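Have the sequence and the 3D view ready, and follow along.

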Amino acid sequence: MQVKKVQKKRLSKAEKARIKEILFRLDTQYGTDYKCYLEHENPWQLLIATILSAQCTDARVNIVTKDLFVKYPTLEAFAAADVKELEQDIRSTGFYHNKAKNIIACTKTLIEKYNGQVPQKLEDLTSLAGVGRKTANVIRGNIYYDPSIVVDTHVKRISKKLGLTKEDDPVKIEFDLMDILPKDHWIIYNIHIIRLGRTICTARSPKCEECFLNDLCKSEKN
């Protein structure tokens, strides 16, 4: 999906100050070290783990890949995998028919077109089977440290609650956040918001009274 870049949002001084304080508190609470929640030892393992993470928790993916990367230790092993067998290997991650097919096709392309290397450019990554902007940005941010914003369910939900976007489409949210967040916080913002969403600002029962962003949040619950 291509989204036309719109003119950068003009923010009031008060709003700029509020966003700056949000980022400061996130940094203070969680630190500024990069942390990827999907366990991997190299770029292609992270790529496969991220494909598996669609509509699945990172914790479940990590359980599956612990054995998966032993059974299939190379790109060539995945590319040569029997699709039905691979489906059973990844069944618990959900949508396993498409994921198995995409993983095999993706790894074949990496071998045949990219000499076994995971590409860095967004357009090259999104040309791979099963790879959309979210997956591509995970790779760009965690492997190549290219400033990128990953809009997962936590980032989408909490960014809206914080009043940083009004959009529902992940790509539009990505562009909104790129407009208002400093580039040096694009990657770390993802990491912080995921942690916040798993511990305090949970989807079912957010602990608003415990949240260190409570007074800065625009959620109707505040």
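There is one cavity of 30 Å³ or more in this predicted model. On a 1 Å grid over the protein atoms alone, a cavity is a set of points where a 1.4 Å probe fits but cannot get out, while a pocket is an open set with protein on both sides within 12 Å along at least five of seven lines; lining residues have an atom within 4 Å of a point. Volume is the space filled by probe spheres set on the points, which are joined across faces, edges and corners.

Around the largest cavity, K161, C201, C208, C211 and C217 lie nearest the centre. For the largest pocket, the residues closest to the centre are D58, K134, D152, I194 and R198.

| Space | Volume | Lining |
|---|---|---|
| Largest cavity | about 110 Å³ | 14 residues |
| Largest pocket | about 670 Å³ | 29 residues |

Helices α3 (58–71), α8 (133–142), α9 (153–161) and α11 (186–199) each give the pocket lining at least two residues; helices are DSSP runs (H or I, at least four residues), numbered from the N terminus.

Residues are numbered from 1 along each chain as its sequence is written. Local features need pLDDT of at least 70, side-chain atom pairs count only at pLDDT 80 or more, and totals for chains, interfaces and linings use all residues, while side-chain values use heavy atoms, with hydrogens and water left out.
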